[in-house]
Amino acid sequence: MTTPSPAPHAAGVIEFRAGMVFHVTRAASPQFVQPIFFRLIKVREDWITYHGWIWLHGYQLDAKGEAVAQRSIFVQPAGLIVQSPPPVPARRPQPAGSVVRPKQRQATSAAGNGAAQSAARR
């Protein structure tokens, strides 16, 4: 005697939160022959879908966990593989002296430096 297979969501309902990272494969949608990693921005609840399918909006990630493209994907939640903990992209080092400060204007007299400043602007 065999038991009936569970419904697609019976294995566990995913509580979607911004920042979650998924491994999206063909189990989620046939379009993902080449699997991707995807960081969620939001679930597109305003877009109409078929039962058992959802639209997700987020970023496609590269192997380092950095965003390479923003996109919306049409998937079955039961086929998504939640990554835990989500890969954190490495922070890019800030170059020394990267703080940009506004230049201070120098006070000039009307007759004094006007010609020199206009020559410097050319």
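Predicted model: local features only at pLDDT ≥ 70, side-chain atom pairs only at ≥ 80, totals over all residues.
Keep Ala 69 selected and show the strand around it. Ala 69 belongs to strand 4, which covers residues 67-75. Next, display what touches Ala 69. Apart from neighbours within four places in sequence, the contacts of Ala 69 are Gly 58, Tyr 59 and Gln 60.

Now turn to the aromatic rings. The whole structure has 4 aromatic pairs. For one of them, select Trp 47 and Trp 55, an edge-to-face pair with ring centres 5.0 Å apart and 80 degrees between the planes. Trp 47 has a relative accessible area of 32% and is partly exposed. Trp 55 is also partly exposed, at 24% relative accessibility.

Select Trp 53 and Phe 74 next. Their ring centres are 5.0 Å apart and their planes meet at 20 degrees, so this pair is stacked; the cut-off for stacking is under 30 degrees. Trp 53 sits in the loop between strand 2 (36-43) and strand 3 (54-61), while Phe 74 is in strand 4, so the pair ties together parts that are 21 residues apart in sequence.

Finally, show Trp 47, Trp 53, Trp 55 and Phe 74 together: ring pairs link these residues into a cluster.

Conventions: Residues numbered from 1 in each chain as written. Heavy atoms only, no water. Helix = DSSP H or I, 4+ residues; strand = E, 2+ residues; numbered from the N terminus. Contact = heavy atoms within 4.5 Å. Phe/Tyr/Trp six-rings, centres within 6.5 Å; stacked < 30°, edge-to-face > 60°. Buried < 20%, exposed > 50% of the residue type's maximum accessible area, 1.4 Å probe, protein only.
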